[in-house]
Amino acid sequence: MRRWPRPLRWGARVLALLLVLALVASLWVVWTVRRSFPDYGGEVRLAGLSAPVTVHRDAHGVPQIYADTPEDLFKAQGYVTAQDRFWEMDFRRHVTSGRLSELFGETTLETDKVVRTLGWRRVAEQELTLLEPETVRLLDAYAAGVNAWLDEHPDTSDQSLEYAVLGIQRSGYRPERWSPADSVAWLKAMAWDLRSNMDDELGRALAGTALPAERVDRLYPAYDDERMPVIVGDTEKSGDRPSGTPVQAPARALSSVLETIQAMPEMLGNGAPEIGSNSWVVSGSRTATGKPLLANDPHLAPQMPSVWYQAGLHCRKVTAECPYDVTGFTFSGLPGVVIGHNHRVAWGFTNLGPDVTDLYVERIDGQNAEYKGEKEPLQVREETIKVAGGQDVRLPVRATRHGPIISDVLEDSAKLASGPTEAIAMRWTALDPGRTADAVFQMNRATDWTSFREAAASFEVPAQNLVYADVDGNIGYQAPGRIPVRSKGDGTRPVPGWDGEHEWTGFLPYEELPSIQNPEKGYIVTANNAVVGSSYEHLLTKDWSYGYRAARIDELLKADGKIDVTGMADVQLDSRNGFAPVLVPHLQRVGAGLKGVDLLDGWDFTQPVDSAAAAFYNAAWRHLVLLTFNDDLPEGARPDGGDRWFEVVRSLLEDPADPYWDDITTPDEEDRDTILKSALRKAADELTDLLGDAPSQWRWGDLHTLTVTNQTFGTSGIAPVERLFNRGPLHLSGGQSIVNATGWNAQEGYGVDWVPSMRMVVDLADFDASRYINLTGASGHAFTDHYWDQTSLWAEGKTIPWRSTPAAIEKHARHTLTLNP
């Protein structure tokens, strides 16, 4: 046989070598990816246990933990959570302590500056001294379980794939041991995520730099408690509230505050259009089983892995010494269950949304602030931020009696004015140490309405709506939280910090916060709508969500017939747009003959994935609010398209010549119908460019997509790395201010930035008949079976069984791990 010519022989050898190297590289990548996958079965020794602990995992990897003592139970929870989510836990504690730059270098320096200024970690450490001894003991046990897992896995490459990727840019990093303060600090991050009306207060102030006060007020209409539902009926007559003296803050300082907020990670809700969630509870008189049903779907910024971690915590024998038999959703890094049920009671959360932040305009002169005509020294401390690959950064943190100054956080400290100037300080309830960690454990072991309300009294920050049900057939609602009482003002605009007239004088007594048990109508709905009407004695806030989701849920629950678990889940997936019936007739009136308008004929106002009408309507809505308001308003005050803007546009539609209709950037004087027509044309042009020339082929889900993005390397800007950790895109139904609340921001486009982060329905007649779903999965390890095994089910509106009794859990266990002393 003839030999190949020498060039071909060398070429073949080189090719073979390249193939071998490619194979080796592929095997190395696979080995690197898989080496941190946890073992869900077998036996492991866990030092400090008093007896063996059993961990069953179902087909989705959700752990159910059985132990004989609370210390063993929570130590095992720490170990098991670290198995699944330690990188996420480590990342989160770097977020809450303002130490991201130790991991990622200068790219996260601004975030660290903001968090250090707010002092989350300092507050968390102070809170530990206020907590019940039992709470501290169980926080210690949880930390011991995490640290036992760390001791087992000293090599970071065995801990998570993210550490291997991190090692490419920063070698030698080793995570610190876990501490109780690491757990408690995450509650500060969630409080920031649910920070109520701070963005509205800032938006009013920013709008006030461009418009007179009366025009700004029209952008923040009062809640219509005659047209929209109120959670708890009025019981007290309102007293007179002293009016405040809002002050116009310097535009520069307001813009700096906006930049400060925007420096926080998107995982904490920045950029999302509205804070929301749905929960409702139905009494047995309205259910097919004769026992209550409870539903909850908190709306949060989407992230990979999900903000929630599913777990069950069971004392093998429930006694006074070991009272825990609870299952549901918690946060990685936090012991206990935040939302779920135990063997007797179930509960859900939505954001109450009270006004718990105030912005104070301060007169600063050097290192002093003016207060009642006197100079009062600023509180000053210096923080040192370590930066991977760079020099340490020294951050001067300044505060007045009202709180940290947040308008100069991102400025060069050397350039801070030494003479008279004005700055903005923030007063926020979450910056006062509290006992919310106590409440988590207390709710987990509550057995009836009385003990549950006692537990809720400790849930201080963030203030929430709590819905409740128990096996005895009771349902209830309680509003817990630390809500300030002001000497003057309503908290809607920045106020002068120098006059001493706008102080917080205390907090509302818990016993005077809204509560209701077993209402006559047989159900309770909370969807961030007004908790109380206008005659309630105290001021909770003036910035409720405007009730569109609550009204729709209320309408569906009023329907004839007995509801069951499936019916409750169907309500969660409802996609009817509550404002479309108001706007569509106007669009049809002015748009006859325009491209796409005939899609609205006969539309039922729902927004499923395949709806052409929903695609066109939402495009028209987006361009309508941009054309109407962007010319008048600065960044930070422009419309996101949520339900507040439904109410604003509702009133404007009644006045064809309102000044808001005029585009001040053109020489012409536009009116309502001119803007409506322009919005329709722009919508059709945009959809033609994005989805093709045939309107009948447009699909809402092709616009309304979600890529579930890893909270760390998912935004690295390096495509191969992002593909390792991100998943999607998903094509979704629902929309803004809809029960199926897949939110989007009109300023950005139609991409989903706010989601039902989980869905659950609890059946108090048979806990094993309950259903739930998480946005992603149990695991934080990319490419494991449970990294995103729930995501497609979530996107399709499906749920999985939520088993909680020992027999059902053991029967359906796919893996069993025994933790031995």
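**Close-up views of a predicted model**

**View 1. Contacts of S306.** Leaving aside neighbours within four places in sequence, S306 is in contact with R85, E88, R92, S757, N774, L775 and T776. The model is predicted. S306 sits in the loop that runs between β5 (293-300) and β6 (309-315). The relative accessibility of S306 is 1%, so this serine counts as buried, the cut-off for buried being under 20%. The S306 side chain also reaches the backbone nitrogen of W308, at 3.1 Å.

**View 2. Helix α15 and its cover.** Helix α15 spans residues 565-572 and is mostly covered, with 6 of its 8 residues buried. Those buried residues are V565, G567, M568, A569, V571 and Q572. The cover over them includes the strands β4 (276-282), β5, β27 (758-763) and β28 (771-774). Helix α14 (548-557) is also among the covering elements. At the N-terminal end, D564 caps α15. A side-chain oxygen of D564 lies 3.3 Å from the backbone nitrogen of T566.

**View 3. The largest nonpolar core.** In soluble globular proteins, nonpolar side chains tend to be buried together. The largest nonpolar core in this model holds 214 residues. The members that touch the most other members are W120, W192, F616, Y617, W621, F629 and L819. Helix α17 (residues 612-629) supplies the largest share of this core, 13 residues. A second, separate core has 17 residues, including V282, A527, I563 and M568.

**View 4. Surroundings of F616.** Not counting residues up to four places away in sequence, F616 touches K595, G596, V597, L599 and L600, among others. The residues touched by F616 also include L680, A683, A684, L687 and W698. F616 is one of the residues that touch the most other members of the largest nonpolar core.

View 5. Helix α4 covers residues 109-118. Of its 10 residues, 9 are buried, and the helix is mostly covered. The buried set is L109, T111, D112, K113, V114, V115, R116, T117 and L118. Just after α4 comes G119, with a positive phi of about 75 degrees.

**View 6. The second largest pocket.** This pocket has a volume of about 430 Å³. It is lined by 22 residues. Closest to the pocket centre are A222, Y223, T541, K542 and W544. The lining of the second largest pocket divides into 10 nonpolar, 5 polar and 7 charged residues.

**View 7. K677 on helix α19.** K677 lies in α19 (residues 672-691). With a relative accessible area of 34%, K677 is partly exposed. Leaving aside neighbours within four places in sequence, K677 is in contact with V590 and L594. K677 and L587 are 90 residues apart in sequence. Their C-alpha atoms are 7.7 Å apart in space.

**View 8. D140 on helix α6.** D140 is found in α6 (residues 133-152). D140 counts as partly exposed, at 40% relative accessibility. P180 is 40 residues away from D140 along the chain. The C-alpha atoms of D140 and P180 are separated by 6.0 Å.

Notes. Residues are numbered from 1 along each chain as its sequence is written. This is a predicted model: local features need pLDDT of at least 70, side-chain atom pairs count only at pLDDT 80 or more; totals for chains, interfaces and linings use all residues. Side-chain values use heavy atoms; hydrogens and water are left out. Helices (H or I, at least four residues) and strands (E, at least two) are DSSP runs, numbered from the N terminus. Buried means under 20% relative accessible area, exposed over 50%, partly exposed in between (1.4 Å probe, protein chains only). A polar contact is a pair of N or O atoms within 3.5 Å; within protein, one must be able to donate a hydrogen and the other to accept it, and residues adjacent in sequence count only if both atoms are side-chain atoms. Contact means heavy atoms within 4.5 Å. On a 1 Å grid over the protein atoms alone, a cavity is a set of points where a 1.4 Å probe fits but cannot get out, and a pocket is an open set with protein on both sides within 12 Å along at least five of seven lines; lining residues have an atom within 4 Å of a point. Grid points are joined across faces, edges and corners, and a volume is the space filled by probe spheres set on the points. Ala, Val, Leu, Ile, Met, Phe, Trp, Tyr, Cys and Pro count as nonpolar, Asp, Glu, Lys and Arg as charged, and the others, Gly among them, as polar. A nonpolar core is a set of buried Ala, Val, Leu, Ile, Met, Phe, Trp, Tyr and Cys residues joined through side-chain atoms within 4.5 Å.
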